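Have the model open as you read.

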Amino acid sequence: MEGKEEDVKLGANKFSERQPIGTSAQTDKDYKEPPPAPLYEPGELKSWSFYRAGIAEFMATFLFLYITILTVMGVNRSPSKCNSVGIQGIAWAFGGMIFALVYCTAGISGGHINPAVTFGLFLARKLSLTRAVFYIIMQCLGAICGAGVVKGFEGSSYVQKLGGANFVSSGYTKGSGLGAEIIGTFVLVYTVFSATDAKRNARDSHVPILAPLPIGFAVFLVHLATIPITGTGINPARSLGAAIIYNRQHAWDDHWIFWVGPFVGATLAAIYHQIIIRAIPFKARA
């Protein structure tokens with residue numbers, strides 16, 4: 001009996017404190033904050049990887065618009081919603097394509113496929129101004145080409161069925177549309193920050209995190225909520241591509257909403273994640 005008690009005491013002394021598990025087991029020494037990206041990096045313009053990343057953003061946004069706008073047109077052409085995939089199918093098309101395309105391009109360009117995402121990451125100093133501008137240009141060009149191919153397939157019915165363009169639906173005010181775009185983009189960009197957080201990956205390395213999945217699922221959920229309000233933009237390139245190819249006045253009347261809303265939402269998400277959640281400015285002072 002005394003021997004057993006001695007064994008217990010020995011074990012208690014060997015492990016005098018409970019060992020923390022999971023995220024609390026890590027210390028500040030396990031992770032170092034990467035330096036902020038410079039506003040301008042001259043070497044980028046001489047690197048093939050820079051242009052390869054831009055081409056990847058172009059192609060990804062092209063495919064994104066092609067599949068999603070074609071899905072929207074299929075629903076609009078159907079005489080009965082019961083004979084089409086409906087709003088849920090449209091939401092799955094947008095979310096599913098983001099999941100697939102982010103997975104394919106994350107290792108090349110970061111898989112932004114959205115000027116609002118690029119802008120939010122730029123504000124967080126995750127990429128240079130040069131790269132951010134280049135990405136946004138390529139995303140917009142890809143979106144225009146993707147919507148253009150859909151119009152080529154659909155012919156005259158493309159304009160008759162509204163071309164997948166974004167505008168505020170009747171019964172809603174422009175303020176409601178703007179609010180929906182701000183909150184929807186906040187959800188998306190905040191998810192991007194959380195899913196791709198390098199500190200979280202280092203801290204929770206024992207828990208595999210497939211970043212494209214939560215990002216795509218966030219897009220799906222936002223579309224379910226806001227398709228009835230604005231058709232769901234939360235991506236200025238998507239809205240611009242559809243508006244240019246559709247080219248009707250009521251789409252242009254509301255078009256500013258689909259730039260201002262996403263950029264404001266991305267800004268709020270960057271501030272929330274970097275300052276409130278990560279407290280990076282306070283760490284820098286320390």
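This is a predicted model: local features need pLDDT of at least 70, side-chain atom pairs count only at pLDDT 80 or more; totals for chains, interfaces and linings use all residues.

Angles over 145 degrees between axes count as roughly antiparallel.

**H7 and H9**
- The axes of H7 and H9 lie 9 Å apart, at an angle of about 175°.
- H7 and H9 are therefore roughly antiparallel to each other.
- On the H7 side the contact includes Gly177, Gly184, Leu188 and Ala195, while H9 brings residues including Pro214, Ile215, Val222 and Thr230.
- By class, the contact of H7 with H9 holds 11 nonpolar, 6 polar and 1 charged residues.

**H5 and H10**
- Helix H5 (residues 129–154) and helix H10 (residues 236–246) have axes that come within 8 Å and cross at roughly 45°.
- H5 and H10 are therefore oblique to each other, and H5 passes H10 in a right-handed crossing.
- Among the residues that meet here are Cys140, Ala143, Ile144 and Lys151 in H5, and Arg238, Leu240 and Ile244 in H10.
- This contact of H5 with H10 has 9 nonpolar, 3 polar and 2 charged residues.

**Nonpolar cores**
- Which residues touch the most other members of the largest nonpolar core? Of its 53 residues, they are Phe64, Ile69, Tyr158, Leu188 and Ile215.
- Elements giving two or more residues to this core include helix H2 (48–77), H5, helix H7 (174–195), helix H9 (212–230) and H10.
- Leaving aside residues up to four places away in sequence, Ile69 touches Val150, Tyr158, Gly163, Gly164, Arg238 and Ala242.
- A second, separate core of 5 residues includes Leu178, Ile182, Ile257 and Phe258.

Definitions and conventions. Residues are numbered from 1 along each chain as its sequence is written. Side-chain values use heavy atoms; hydrogens and water are left out. Axes are lines fitted to C-alpha atoms, for helices over the stretch in contact, and angles run from 0 to 180 degrees between N-to-C directions. Helices (H or I, at least four residues) and strands (E, at least two) are DSSP runs, numbered from the N terminus. Angles under 35 degrees count as roughly parallel, over 145 as roughly antiparallel, 65 to 115 as roughly perpendicular and the rest as oblique. A crossing is left-handed if the near helix is turned anticlockwise from the far one by less than a right angle, and right-handed if clockwise. Contact means heavy atoms within 4.5 Å. Ala, Val, Leu, Ile, Met, Phe, Trp, Tyr, Cys and Pro count as nonpolar, Asp, Glu, Lys and Arg as charged, and the others, Gly among them, as polar. A nonpolar core is a set of buried Ala, Val, Leu, Ile, Met, Phe, Trp, Tyr and Cys residues joined through side-chain atoms within 4.5 Å. Buried means under 20% relative accessible area, exposed over 50%, partly exposed in between (1.4 Å probe, protein chains only).
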